[in-house]
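Here's a quick tour for anyone meeting this structure for the first time. Have a look at it, then read on.

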Amino acid sequence: MGKVLYSAAMSLDGFIAGPGGDAQWMTGYLGPNPEIDDLVPGIGALLVGRRTYGGDDPNRGTEHEGAFGGTWHGPQFVVTHRPAQPAPGVTFVGDVVSAVAAAKEAAGDKYVTVLGAEVARGCLDAGLLDEILVAIVPVLLGDGVRLFERPGGDHVRLERLKLTEAPTMSNLWLRVVR
C-alpha cells in the first residue's frame, strides 16, 4: 500500500490559505516546481476536505484549473458530513479513517495525497499520516488557514527527508516519526 502524504503550499508565516479559504494569494508564485512535477505521476488518489473540495482554486477559469495545476486526474475522496452534488471520480466519506482506507485501496502502491488542513490534522491525530511536503512561499499572509492548527495537541516528531528549491518557493519533505 502507498503512503499518505499531506501536500500544501504555505506562506512563511504558516498559512496555506488566506481568510475564508482564499487561495488567490498563490497566483503570483505558481510556476515550475520539479519536486511537485515529479510527485504528480506518483499520486494514486486525493483525500480532501469539504472546504478544499468546494473551495477556491487559484487557477479557476484557466487551462490549469484543478489539482496540481490541472496536471493530476484520478479518484478523489472527500471527507464530509455534507456531501455535494455527485461528480465523476469523487466519493464522499463521513470519517477520516474510512476515507483513508478507501483512498489507499484506490491508490494501490502510489501516494494518497491529502489536500486541506482539517483532513491533514485528522490523519495526523489518527496516526495515518506518513509524510508532509510543504512548498514554502516567500510571502507573509498575516491571517488565514494554518498548515496545522492543533491547540493543546501533543508533540509530533518529524524527520527531514529532502529540501529542494524551485524558482518561487522552497520544498521541505518530512516523514512523521512514530
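## The big picture

Five helices and 10 strands make up the secondary structure of the chain. Here, helices (H or I, at least four residues) and strands (E, at least two) are DSSP runs, numbered from the N terminus. Bear in mind that this is a predicted model, where local features need pLDDT of at least 70 and side-chain atom pairs count only at pLDDT 80 or more, while totals for chains, interfaces and linings use all residues. Residues are numbered from 1 along each chain as its sequence is written, and side-chain values use heavy atoms, with hydrogens and water left out.

Of the chain's 178 residues, 43% are buried, meaning under 20% relative accessible area with a 1.4 Å probe, protein chains only (over 50% is exposed, and in between is partly exposed). The chain exposes about 9200 Å², with 53% of that coming from carbon and sulfur atoms; these areas come from the Shrake-Rupley method with a 1.4 Å probe. Take the contacts (heavy atoms within 4.5 Å) with a separation of 6 or more: 75% of them are between residues 24 or more positions apart.

## The sheet

Now for the strands. Eight of them line up as an open sheet with mixed pairing, in the order E5-E4-E3-E6-E1-E7-E10-E9. Two strands count as paired if DSSP finds at least two bridges between them. At the edges sit E5 (90–93) and E9, each pairing on one side only. From one strand to the next, the twist averages 25 degrees.

Inside the sheet, E3 (residues 43–49) and E6 (residues 111–115) run parallel, joined by five bridges. Ile43 stands opposite Tyr111 in E6.

## The hairpin

E9 (residues 158–166) and E10 (residues 169–176) pair in the antiparallel sense, over eight bridges. They form a hairpin, with two residues between the strands. Across this pair, Arg160 faces Leu174 in E10.

## Helix H5

Which residues of H5 (residues 117–125) are buried? They are Ala117, Val119, Ala120, Cys123 and Leu124. They cover an arc of only 165 degrees around the axis, so they lie on the same side of H5; the arc is that of the directions from the helix axis to the C-beta atoms. Just after H5, Gly127 has a positive phi of about 75 degrees.

Note on methods
Axes are lines fitted to C-alpha atoms, for helices over the stretch in contact, and angles run from 0 to 180 degrees between N-to-C directions.
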